[in-house]
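This report describes selected helices and aromatic contacts of the structure shown below. It is intended to be read alongside the sequence and the model.

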Amino acid sequence: MDNERILVLDFGSQYTHLLARRVRQLGAYSEILAPTASREELENCRGIILSGGPASVYAENAPKFNPEIFKLGKPILGLCYGLQLIAKEMGGKVKRGSVKEYGTAKVKIAKKGKLLNNVKDNSVAWMSHGDKVEKIPPQFENLASTNDCEFAAIANPEKKIFGLQFHPEVTHTEEGMKVLGNFLDICGCEKKWGMKNYLEEKVEEIRKEVGGRKVFLLVSGGVDSTIVLALLHRALGGEKIYAMHVDNGFMRKDESRTVKEELDKLGMNELNVFDASKQFLGAVKGVTDPEDKRKIIGNLFVEIADMQIKELSLNPDEWILGQGTIYPDTIETGGTKNADLIKTHHNRVKAIQELIDKGKIIEPLKLLYKDEVRELGQELGLPLNLVNRHPFPGPGLAIRALCSDGGEENLDELGKKANKLLKEWGFNFRAVPLPVKAVGVQGDERSYRNVLALEGKMNCKELEECSTKLTNSLGEINRVVFALAPEKIESVKLLKKHLTKDRLDLLREADAISMEELSNAGLDEEVWQFPTVIIPVEVNGDGESIVLRPVLSREAMTARFAVLPREVIAKMVERITSLEGVGAVFYDVTHKPPATIEWE
Ligand code: XMP
């Protein structure tokens, strides 16, 4: 396996991990290392990819790297910053760009060579750079250019050193996978690596990491923790695992009971269900800030786990904690060098971080994206209905029930501005700002802004265009919703609402209706995730509001709002509005970014 290894050296690009993943998708094992890795670490591989990065190769803060990279005789592919580093180190010249260039460009091929073998001419590639190569090093040849960039692909075939100014790892680059595949061929990779190997390796790794200890695992019943349980079960056997499902009171309707039943059916009958709903509800009583809620819930999880360990007289030296953390959880909590904090995921709160630092946590999925986790689940023989379940956040419905102390906010100006824009753009919608704030992600940063409701005819194409224009133009908002019922909004009022059992029960009912109607329509696989959210907003003097948030996604890093058939939406609205306490139903028509999937 090691012989097939491709090393990705991380110069700070936000795509480094995606790049490593693309290599794995192409069938070669890949690992990410710091550019300062030692010669020994660098030697055991088939080839090296130098990632992009935000710095300039001439900058004082340019990442340090081990210059021996270029003396190992291994094939090298430099991307963007990586290309510029090759140019600078091997005798070429890089020009400091005054204007940054983002977006798509057409790649005109001058010479294919092995790197661009079978690559279509004039294909679209994604560029994102300020500096560019002005002169290529001696013994290098130019393979391709774009309108704005003379040296878009360069090669020294003899030394097997290559560089690309564009990013082959992003989906917008049409021929990106072909180019990366060609590099793997140049490296002599057999491209036979897959989830089967990953599973075998992980099983070995888990056995080594856990050693003589046992694992205490919290199982939410969601895809990730269930797959971790199955994986630990495979590696260690049931007797070395104590699996606990904490019913935090924020679960979906009947969820805790069905989780236990499903796992029992699969022969994983070590799950112990612990009802902690009263403790959790007590801990978040009166709390309204989303980040506070998340932190309280995350920390209480750890406290309860600790308490259980003590109650069971489990010696902390003999036990470690297992978690189903996946990669996006780490990125969005600012867990990588360059990422901003978007949301504190419950499994990255301080108490957990301390355990990680002490080596008392095992997280076998932490480098995988959701779709890779699902693939691993299949490899483990788990049934498809379980592997393909919608993701469900650890803090559960607690982050789908927005809270408020009430009060008034004058949003008239925002309403006026929005309606003026709608008129200018020729849309037949009327905008009504809602007095609640939701979380979003804009320009890779967290935002917490108001929500704008639109009323009119439900035309999803127009709503998509309109919502994008509105969130781009109005700095006060990060989300747009469409008013399904009532169709005319006469008044809106912010209510004083907190996390109470009654309110969560109401949300559970509304959520169960959305899920049931989605499943009746046969759409639960097509829709990636479907939060149903309760917001403390009274419309036309009648009850609270529910928001439907079905989304399409692959990795949760970006998402589109899903367009459900009219009759399915109508059925949901009819049933949800008949619930006591619900006065309005909205449909979230915002993509991620600028909004996030969850509202908090
Ligand atoms: P956002 O709302 O950031 O969510 O677009 C991306 C994905 O992550 C899930 N999510 C969480 N999962 N603990 C989790 O286990 C959390 O604290 C958490 N917050 C968001 C969300 O449901 C979506 O699938």
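## Aromatic pairs

The structure holds 11 aromatic pairs. Rings of Phe, Tyr and Trp (its six-membered ring) pair if their centres lie within 6.5 Å; planes under 30 degrees apart count as stacked, over 60 as edge-to-face and the rest as tilted. Tyrosine 15 and tryptophan 126 form an edge-to-face pair, because their ring centres are 5.9 Å apart and their planes stand at 85°. This pair links distant parts of the chain, 111 residues apart: tyrosine 15 belongs to the loop between strand 1 (6–9) and helix 1, and tryptophan 126 to strand 7 (residues 123–129). Tryptophan 126 is buried, with a relative accessible area of 17%; buried means under 20% relative accessible area, exposed over 50%, and partly exposed in between (1.4 Å probe, protein chains only).

Phenylalanine 162 and phenylalanine 183 are also paired edge-to-face, at 6.4 Å centre to centre with 80° between the planes. Phenylalanine 162 lies in strand 11 (residues 161–164) and phenylalanine 183 in helix 4 (residues 176–186), so the pair ties together parts that are 21 residues apart in sequence.

## Basis of the model

This is a predicted model, in which local features need pLDDT of at least 70 and side-chain atom pairs count only at pLDDT 80 or more, while totals for chains, interfaces and linings use all residues. Residues are numbered from 1 along each chain as its sequence is written, and side-chain values use heavy atoms, with hydrogens and water left out.

Helices (H or I, at least four residues) and strands (E, at least two) are DSSP runs, numbered from the N terminus.

## Helix 5

Helix 5 comprises 16 residues and reaches 22 Å from its first C-alpha to its last, close to the 22 Å expected at 1.5 Å a residue; the expected span is 1.5 Å times one less than the number of residues. Its buried residues include Tyr198, Leu199, Val203 and Ile206. Among the elements covering the buried residues of helix 5 are strand 12 (214–218), helix 6 and helix 12, where contact means heavy atoms within 4.5 Å. Glycine 211 follows helix 5 and has a positive phi, near 55°.

## Helix 12

In helix 12 (residues 370–379), the buried residues are Lys370, Glu372, Val373, Arg374, Leu376 and Gly377. These residues pack against helix 1 (16–25), helix 5 (195–210), helix 6 (223–236) and helix 13 (384–387). Just after helix 12, glycine 381 adopts a positive phi of about 85°.
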